[in-house]
Amino acid sequence: THKYLLCYWLVNNFRGCIEVGYLPKYIHTCNGYLYLVGNGIDIFSITGNAIPAYRGTLFSNGIYRNPMCTMDYGDRFLLVSFAGSNGITVFDLADPANPLIARSIRLPYCVTAMTIAGNTLYVTSPGMGITGIDLLSLTANPDNEAAIPITVLKASPNPFRDKVMLTCDLKNRVKATVRIYNIKGQLVREFMELDTKTGIELSWDGKDSAGRNCSPGIYLLKAQAGTKQAMGKTIKLN
């Protein structure tokens, strides 16, 4: 069993270490509390120069055990993207000793990076472009779930083996381009000059641009028609 030490300093003065049973991916502080995000959220209270005191662990079940990225918003909200879910979980730290899930933002992809500029949260994932989310409307009146209005590029059947139909209601007067990326963000196939008068509908045979069969796995889908875009994902089986 591996043990990890969280060490802390006061200015340049070493103060001590806390032993934890896993390697935390992210560390956050808020209103006298320390949060280790990795295997759920471990909570420590901070009092003066004393050693942080462990207060408990929350959200240690499956989908909250593998964070991809985190971001603070003000002194109240902690935004976390988890590998097991598409989108972002918003934790409310109004009671810093007992964080609550204020809202889940559903997106058609797993967020791997995010940043805040002004009152806008920008999120992205390899090959999926950038999505902007209004933080004021997001946090002003938190509820259990919110959907960001993004057109979804649908795949059917999903998962698929030999052929998949990609469709969406992305209508525009200009031609569209559909790009397919592997989970590493590498472009594997591109369809160009697609008519969008009645939306997009095309068939993908599971092959790359060189005609080679793509490996089984998750593939990210992106359609672009002028300033409009749609996103989705599909899974290719053996």
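Which residue forms a salt bridge with R76, and how far apart are the closest N and O atoms? The legends below begin with that pair. This is a predicted model, in which local features need pLDDT of at least 70, side-chain atom pairs count only at pLDDT 80 or more, and totals for chains, interfaces and linings use all residues. Residues are numbered from 1 along each chain as its sequence is written, and side-chain values use heavy atoms, with hydrogens and water left out.

**View 1. R76 and D92 form a salt bridge.** The partner is D92, and the closest N and O atoms are 2.7 Å apart. A salt bridge here is a side-chain nitrogen of Lys or Arg within 4 Å of a carboxyl oxygen of Asp or Glu. Strands (E, at least two residues) and helices (H or I, at least four) are DSSP runs, numbered from the N terminus. R76 is partly exposed, with a relative accessible area of 37%. D92 is buried, at 12%. Buried means under 20% relative accessible area, exposed means over 50%, and partly exposed is in between (1.4 Å probe, protein chains only).

**View 2. E190 and R179 meet through their side chains.** The structure holds four salt bridges. In this one, the N to O distance is 2.7 Å. E190 lies in strand 19 and R179 in strand 18, so the pair ties together parts eleven residues apart in sequence. E190 is partly exposed, at 31% relative accessibility. R179 is also partly exposed, at 28%.

**View 3. D205 and R189 form a salt bridge.** Their side chains meet at 3.0 Å, N to O. D205 lies in the loop between strand 20 and strand 21, and R189 in strand 19, so parts 16 residues apart in sequence are tied together. D205 is partly exposed, with a relative accessible area of 33%. R189 counts as buried, at 19%.

View 4. Two strands pair if DSSP finds at least two bridges between them. Strand 16 and strand 17 (residues 164-168) pair over three bridges. Here A155 stands opposite L166 in strand 17.

**View 5. The largest nonpolar core has 22 residues.** Such a core is a set of buried Ala, Val, Leu, Ile, Met, Phe, Trp, Tyr and Cys residues joined through side-chain atoms within 4.5 Å. L153, L166, V178, I180, I200 and W204 touch the most other members. Strand 21 (217-225) is among the elements that give two or more residues. Strand 21 gives the most, with four. Beyond its neighbours within four places in sequence, V178 is in contact (heavy atoms within 4.5 Å) with residues including L153, L166, F191, I200 and A223. Another core, of 21 residues, lies apart, with V90, M114, L135 and Y181 among them.

**View 6. F59, F82 and F91 are linked into a cluster by ring pairs.** Rings of Phe, Tyr and Trp (its six-membered ring) pair if their centres lie within 6.5 Å; planes under 30 degrees apart count as stacked, over 60 as edge-to-face and the rest as tilted. The whole structure holds six aromatic pairs.
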